Amino acid sequence: MTTAPTARENAVGTAHTRVEGRDKVTGAARYAGEIPFADLAHGWLVLSTVARGRVRSIDTADVLAMPGVVAVLHHGNAPRVETGYVGLLGVPDPTAAVFQHDRVPHTGWPVALVVADTSERAREAAEALVVHYEQEPHDVDFTGEHPDAYPVDSHGPAVVEKGDLEAELAASAVVVDAEYTTPEEHHNPMEPHAATARWDGGRLELVDSNQGTFWVASELAKMFSLDPASVRVRSEHVGGGFGSKGVRAHQVAAVMAATELHRPVRVVMTRRQMFSLAGYRSPTRQRLRLGADADGRLRALEHRSLSATSTVHEFIESAAGPARTMYGADAHHTANRLVRLDVPTPTWMRAPGEAPGSFALESAIDELAEKCGLDPIELRARNDPTTGPVSGLPFSGRNLIACFREGARRFGWADRDPRPGLRRDGRWLLGTGTAAASFPAGAGPSTAAVTAEADGTFTVRVNAADIGTGARTAMTLVAADALRTAPEQVRVRIGDSDLGPAFIAGGSMGTRSWSWAVTIAAEELRERLGLGADIPPEGITVRSDTTEAIGALAQKERHSFGAQFAEVAVDPATGEVRVRRMLGIFAAGRIVNPLTARNQFVGGMTWGISMALHEEAVRDRALGGHYGADLAGYHVAAHADVPPIEADWIDDPDPDDPVGIKGIGEIGIVGAAAAVANAVWHATGVRHRDLPIRPDRVLMAGVHA
């Protein structure tokens with residue numbers, strides 16, 4: 001006979017090191033490209049060197065004669081796959097359906113896979129493979145005047161219009177009308193994309209690095225016309241994803257090769273290949289028109305954004321979306337438009353839409369505050385809506401101004417002289433800036449199973465994806481509280497499609513979605529144990545499914561919020577910009593694990609510095625590819641670029657969530673670049689509307705005293 005676990009101090013809300021931390025630092029935790037398999041073959045992708053055209057022929061004979069080479073797959077001999085389906089996240093990007101035709105829609109398009117007995121031989125052979133092309137004229141030039149731009153609905157409508165925009169602008173005492181641009185940016189997770197495919201007893205198994213094994217398994221089943229039960233995808237440890245690790249060419253190519261060769265095949269992307277095949281953030285051109293009364297109350301808000309996509313698939317960077325949440329106005333017009341170019345398809349990248357959109361919106365709000373002679377925080381407070389500015393729905397919680405008040409107190413904002421270009425420290429001009437942050441707080445249907453073991457411990461099985469966020473540890477703490485036991489008594493199993501359906505690690509919804517399912521199962525199990533149930537050797541298991549509960553949620557505006565603060569130093573002689581300190585205060589629901597949560601916030605803010613000052617992928621118009629498609633040519637913030645960053649939060653539990661969670665994975669980057677840019681204006685008196693704020697741009701713009 002057993003009794004229910006007794007009450008104890010809550011584990012949620014207390015700092016815990018990662019439960020898999022020791023395995024990671026000792027090398028015991030193996031990633032997708034490290035797991036051994038008997039008779040393993042290695043595939044190496046060959047990518048197109050032209051930006052548009054057709055493959056005329058591929059000279060395979062000499063390569064197949066090279067030592068260790070066992071196959072060359074291409075459009076002439078590869079298995080056919082299905083692409084006319086709607087998957088978990090919509091219509092699939094045809095880029096993943098490799099070797100189905102001879103068309104080349106962009107530089108870096110997969111045209112062949114060379115398979116050999118070692119990775120080194122596969123690479124040598126792939127580099128020796130000669131591909132003949134029929135080239136066609138291409139267009140990779142992203143401009144705001146592109147004649148073929150068109151609106152595209154995404155997670156929301158492409159165009160939302162309320163009120164008479166032109167009339168309200170004409171009646172406004174103060175108007176801001178400006179264009180802002182952000183460049184093409186890339187995820188570059190530390191662990192490259194890797195997958196190993198094999199057939200085991202008539203069942204396809206893929207060991208992968210992804211953001212949702214059930215998602216990848218369901219896509220592969222549809223693509224290869226397989227029974228979903230005959231596909232298993234495992235992804236226990238993931239070295240970063242940031243939106244890029246979905247269904248990609250390397251997984252499909254590995255499955256094709258394993259099917260043809262009847263042996264395990266591993267395909268790993270190189271860093272350079274990731275710039276073509278792993279997705280990226282599209283460049284944007286955004287126009288903001290704000291009209292306000294003399295007291296700063298918004299009468300008109302227009303935010304129009306243009307982004308780019310490939311010629312084979314629509315993906316839109318919905319940068320105008322944040323304006324629909326952040327500020328109210330009598331006339332409120334937003335639009336997201338798209339242009340097709342001969343470039344790879346973009347994808348979700350940390351805070352998709354919100355990251356570039358907040359740079360433009362929060363910079364424009366700062367400009368409006370300057371014109372109105374108002375403190376930027378006060379202007380935001382005067383335009384803080386009580387309901388959704390467009391939807392009219394109530395907020396599940398909106399503590400934005402509380403974040404600003406707390407942040408201002410801790411940052412020393414009250415001592416700031418609002419006039420630009422006055423503070424100096426030797427050769428450096430000093431400035432401070434602020435910006436608001438928001439990101440949707442959603443949840444997706446998930447299942448979980450919790451087992452009471454005969455030895456008194458508990459096993460949680462939930463198909464979560466820990467992409468470096470600490471999700472495995474968070475599930476441990478959530479389960480411990482629901483079971484009223486110690487975290488040390490809980491084991492969590494994740495990253496296996498056999499564990500059942502669960503939402504992906506994306507959209508800041510992972511931990512919330514999985515925790516909901518774990519909580520329901522654990523609480524029901526605790527009730528059963530409280531009735532004095534005997535635990536058999538196989539244990540007692542309770543399963544949950546949150547589909548009905550999440551579907552029953554009332555319609556509300558659900559978001560996390562935050563306030564970003566930055567201090568910069570600018571050298572007017574060299575154009576160098578240094579961020580000296582940053583502070584972020586967030587209202588992001590109940591914080592499950594303060595230790596890993598702070599890491600998430602600081603990581604996002606660090607990326608905001610990188611976005612503001614460093615990151616910029618540049619395309620060669622003549623060839624269609626990148627200049628410097630690696631971490632030597634694509635600059636990211638290094639240790640020397642990152643100052644002391646402080647991140648904290650206010651109490652903000654979500655009343656509609658069983659744990660109170662909202663989500664924190666992306667909000668740290670939102671508004672961070674705008675806070676830095678606004679600080680550069682305060683230091684120099686010059687407004688920079690194009691990212692990154694490179695030294696040459698600072699020098700060309702000069703300093704306005």
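Predicted model: local features only at pLDDT ≥ 70, side-chain atom pairs only at ≥ 80, totals over all residues.
## Charges over rings

A charge counts as sitting over a ring if NZ of Lys or CZ of Arg is within 6 Å of the ring centre and within 35 degrees of the ring normal. Another case is Arg398, which lies over the face of Phe395, with 4.8 Å to the ring centre.

## Aromatic pairs

There are ten aromatic pairs in the structure. One of them joins Tyr180 and Phe359, edge-to-face, with 6.1 Å centre to centre and 90 degrees between the planes. This pair bridges distant parts of the chain: Tyr180 belongs to strand 9 (residues 174-182) and Phe359 to helix 9 (residues 354-372), 179 residues apart. Both Tyr180 and Phe359 are buried.

Phe404 and Phe565 make an edge-to-face pair too, at 6.2 Å centre to centre and 75 degrees between the planes. Phe404 is in helix 11 (residues 400-411) and Phe565 in strand 23 (residues 559-570), so the pair ties together parts 161 residues apart in sequence. Phe404 is buried, at a relative accessible area of 0%, and Phe565 counts as buried with 0% relative accessibility. Ring pairs also connect Phe404, Phe411, Trp413 and Phe565 into a cluster.

Glu406 and Arg409 meet through their side chains in a salt bridge (2.7 Å, N to O). These two are three residues apart in helix 11, so about one helical turn separates Glu406 from Arg409. Glu406 is partly exposed, because its relative accessibility is 22%, while Arg409 counts as exposed at 58%.

Arg410 counts as partly exposed at 30% relative accessibility; Asp648, at 18%, counts as buried.

## Salt bridges elsewhere

Altogether the structure holds 63 salt bridges. One of them brings together the side chains of Asp117 and Arg121, at 2.9 Å from N to O. Asp117 is partly exposed at 32% relative accessibility, and Arg121 is partly exposed at 34%.

There's also a salt-bridge network to look at, linking Arg198, Arg203, Glu205, Arg232, Arg234, Asp496 and Asp498.

How values were computed:
Residues numbered from 1 in each chain as written. Heavy atoms only, no water. Phe/Tyr/Trp six-rings, centres within 6.5 Å; stacked < 30°, edge-to-face > 60°. Helix = DSSP H or I, 4+ residues; strand = E, 2+ residues; numbered from the N terminus. Buried < 20%, exposed > 50% of the residue type's maximum accessible area, 1.4 Å probe, protein only. Salt bridge = Lys/Arg side-chain N within 4 Å of Asp/Glu carboxyl O.
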